[in-house]
Amino acid sequence: MKQTTNTILMVRPVNFRMNEQTAVNNYYQKVMDGLLPATVNKKAQEEFDIYVEKLRSYGINVIVVSDTEEFDTPDSIFPNNWISFHQNGTVALYPMFAENRRYERREDVLETLEKAGFKIEDIVDYTSAEEEDVFLEGTGSLLLDRVNRIAYCALSDRADEGLFIEFCEDFEYSPVVFTANQTVNGERKAIYHTNVMMCIAETFAVICLDTIDDKKERKNVVKHLKESGKEIITITEAQVNHFAGNMLQVRGDNNDLFLVMSQASYDSLTKNQIQQIEKHCAIISSSLDIIEACGGGSARCMMAEVFLPKA
């Protein structure tokens, strides 16, 4: 089993904007006053293209699929929420909270991967849970320690405990369940995705423990991370607001490891935190200001890791 991959799937936006359907529980989204939708989309495309180019310059294999005009899919830039790819050739499809995000699921994405030489053996489809208003948004909701077979999940409107347990049974992971909160207008409210406050790499984890208000749950998460040999690098809630938890470790073409994050995320880190990370791997950062502000997601959300075997 591998924790990191060299191949990433990314979706280039065609109608990117703030999605009003996700803003109800994604408190990181902001309205960009005075910017026309076309301007927002154009800036998001520029950020996307620079980001892809940067990843490729480090030898990361990025497969880019363009979004289509067919449906209104303002969040298509975040494919890791509707699909995940596994080493045994299985693909999982996930139920999405926002109705307009359900149109992001596209069969031709699988065809693109097969054309690129990857083998799909099986599809596990959880999407019928949408009919019951039950959701689990891919590797946004699920953080997978693939080597140690542990799955971490912060419960929210977009991460149902029952469905998470079902996923763990199907894919043979041990579940670690908790609630992660952020302060919104003086109230503690569930963080919409686990991958906003936590990142699991091969030898370390970046996590905001302050978001886990329940002491028992916090201790349990720490115990599992330590037992699986991860150095714990803690970040603050203020840093989470700059998407410092939304990072992903990937491999370059000569097996070098990199931790990928946005520029805002990097700029929010302390010297000490950067040194802690760089003991393990180099850092790649790219400016994603418009995507973060309107989309309420960052570098990690934009990458769907491809672990499928080669045909």
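Colleague: Which residue in the turn between β9 and β10 has a positive phi?

Modeller: That residue is Asn-185, with a positive phi of about 50°. Please bear in mind that this is a predicted model. β9 and β10 form a hairpin with two residues between them.

Colleague: How do the two strands pair, and over how many bridges?

Modeller: β9, residues 181–184, and β10, residues 187–190, pair in the antiparallel sense, and four bridges connect them. Within this pairing, Val-184 stands opposite Glu-187 in β10.

Colleague: What about β14 and β15, how many residues are between them?

Modeller: Five residues lie between β14 and β15, which also form a hairpin. Asn-255 in that turn has a positive phi of about 70°. The pairing of β14 with β15 is antiparallel and runs over four bridges. One of the bridge partners is Val-260 in β15, which pairs with Leu-248.

Colleague: Are the residues of β14 buried or exposed on its two faces?

Modeller: Buried, on both faces of this strand, which covers residues 248–251. Leu-248 and Val-250 are on one side, and Gln-249 and Arg-251 are on the other.

Colleague: Changing topic: what is the overall make-up, in helices and strands?

Modeller: The protein has nine helices and 17 strands. Its C-alpha trace spans about 50 × 45 × 45 Å along the principal axes.

Colleague: Why does the radius of gyration agree with a compact globule?

Modeller: A compact globule of 311 residues would have a radius of gyration near 19 Å, and the protein has 18 Å, so the two agree. Of the 311 residues, 59% count as buried. Among contacts with a separation of 6 or more, 75% are between residues 24 or more positions apart.

Colleague: How much of the accessible surface belongs to carbon and sulfur atoms?

Modeller: The share is 46% of an accessible surface of about 12,700 Å².

Colleague: Where does β12 stand in its sheet?

Modeller: The order is β11-β12-β13, in an open sheet of three strands with mixed pairing. β11 (198–200) and β13 (231–234) are at the edges; each has a single partner strand, so one side of each is left without a neighbour in the sheet. From one strand to the next, the twist averages 15°.

Colleague: How is β12 joined to β13, and what packs on the sheet?

Modeller: β12, residues 204–207, runs parallel to β13, and four bridges join the two. Phe-204 stands opposite Glu-231 in β13. Helix α8, residues 271–278, packs on the sheet and touches β12 and β13. The direction of α8 makes about 155° with that of β13.

Colleague: Gln-273 is in α8. Why does this glutamine count as buried?

Modeller: Its relative accessibility is 7%, and buried means under 20%, so Gln-273 counts as buried. Leaving out residues up to four places away in sequence, Gln-273 touches Thr-234, Ile-235, Gln-239 and Ser-268. The C-alpha atoms of Gln-273 and Val-206 are separated by 9.5 Å, although these residues are 67 apart along the chain.

Colleague: And Ser-265, which residues is it in contact with?

Modeller: Apart from neighbours within four places in sequence, Ser-265 is in contact with His-242, Phe-243, Ala-244 and Met-247. Ser-265 lies in helix α7, residues 263–268, and is buried, with a relative accessible area of 0%.

Colleague: Last topic: what is the strand order in the sheet with β1?

Modeller: The order is β2-β1-β17, an open sheet with mixed pairing. The edge strands are β2 (61–66) and β17 (304–305), each of which pairs on one side only. β1, residues 7–12, runs parallel to β2, and six bridges join them. Met-10 has Val-64 in β2 as its bridge partner.

Colleague: Which helix lies across β1 and β2?

Modeller: Helix α1, residues 37–57, lies across both strands and runs at about 165° to β1.

Key:
Residues are numbered from 1 along each chain as its sequence is written. This is a predicted model: local features need pLDDT of at least 70, side-chain atom pairs count only at pLDDT 80 or more; totals for chains, interfaces and linings use all residues. Side-chain values use heavy atoms; hydrogens and water are left out. Two strands pair if DSSP finds at least two bridges between them. Axes are lines fitted to C-alpha atoms, for helices over the stretch in contact, and angles run from 0 to 180 degrees between N-to-C directions. Contact means heavy atoms within 4.5 Å. The radius of gyration is taken over C-alpha atoms; the globule rule is 2.2 Å times the number of residues to the power 0.38. Buried means under 20% relative accessible area, exposed over 50%, partly exposed in between (1.4 Å probe, protein chains only). Accessible areas come from the Shrake-Rupley method with a 1.4 Å probe; for residues, only the protein chains shown count as cover.
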